[in-house]
Amino acid sequence: MSEPTARPGAAAEPAGAHDEQTRRLILDTAVRLFGDRGYTETTMRAVAQEAGVAVGDAYYHFGSKEELIQGFYLGTQLEHRTVARPVLARESDLGPRLGGVLHAGLDVLAPHRAFAGTLLGAAAVPTSPLSPFSAESAEPRHVGIGLFREVLEGSSTRIDPEVRSELPDLLWLAYLALIFYWLHDRSPDQARTRALIDIAVPLIERGIGLSRVRVLRPITRHVLDVIQTVRP
């Protein structure tokens, strides 16, 4: 039997592109099922069946449900960075840069709010690989901290050098606290969380600017000690 003839000008899809499409399909399906059924009730077999792939294919791309969550973590962090880049390119003052990045983060997470809420219990366990402070979460954590480093590095605000080196971690921790509040915010479209950003950012900007004042150095040093204590 002769081989099928390819259409003139048609190119075979690269294997890598097909693998990435399959990986994306599995991850998107898992996120939807986690939101619908909850993390505990969703199995890898259910994800594979819903995605229309073999169970072995699902395990080829993600070795466990925890790896699926890590894929979600990393994907949202990378998307957050992409969505925030226009704000960082446009703004030079620290306040608008920070506020824009925080709002962009909530914009990215908004379609997944129900799903993210189901993760709270597992992510809050200190020994869980789903914790944002775990070794397994290192890559998405570093991407997130790196974004807040970009916020500072492109800012025209003068910042004490010692404080500048520690601030990305502190801002990332503040962002985690903001997400926690946002997940519990029952106001329409989580308007209270948005208002909190708009109120808090000018205060943060002013506090960072005051870090250069000599008389406030003892307080600044104490804050830095706190950051170093809680840093993952």
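Trainee: Which residues on the other side of α6 are exposed?

Mentor: Keep in mind that this is a predicted model. On that side of α6, the exposed ones are Ala114 and Gly121. Exposed means over 50% relative accessible area.

Trainee: And which residues are buried in α6?

Mentor: Phe115, Ala116, Leu119 and Ala123 are buried in this helix, which covers residues 113-123.

Trainee: What makes the buried residues of α6 line one face of the helix?

Mentor: Look down the axis of α6: the buried residues fall within an arc of 90°, so they line one face. As a general point, an α-helix has 3.6 residues a turn, so residues three or four places apart point the same way.

Trainee: Why does valine 163 count as buried?

Mentor: Its relative accessibility is 6%, and the cut-off for buried is under 20%, so valine 163 counts as buried. Valine 163 sits in helix α8, residues 161-184. Its C-alpha atom is 8.2 Å from that of isoleucine 208, 45 residues away along the chain.

Trainee: Now the loop between α8 and α9. Is aspartate 189 buried or exposed, and how do you know?

Mentor: Aspartate 189, which lies in that loop, has a relative accessible area of 68%. Exposed begins over 50%, so aspartate 189 is exposed. Its phi is positive, about 55°, although it is not a glycine.

Trainee: Why is glutamine 190 called buried?

Mentor: Glutamine 190 is also in the loop between α8 and α9. Its relative accessible area is 15%, and buried means under 20%, so glutamine 190 is buried. Its phi is near 55°, a positive value in a residue other than glycine.

Definitions and conventions
Residues are numbered from 1 along each chain as its sequence is written. This is a predicted model: local features need pLDDT of at least 70, side-chain atom pairs count only at pLDDT 80 or more; totals for chains, interfaces and linings use all residues. Side-chain values use heavy atoms; hydrogens and water are left out. Helices (H or I, at least four residues) and strands (E, at least two) are DSSP runs, numbered from the N terminus. Buried means under 20% relative accessible area, exposed over 50%, partly exposed in between (1.4 Å probe, protein chains only). The arc is that of the directions from the helix axis to the C-beta atoms.
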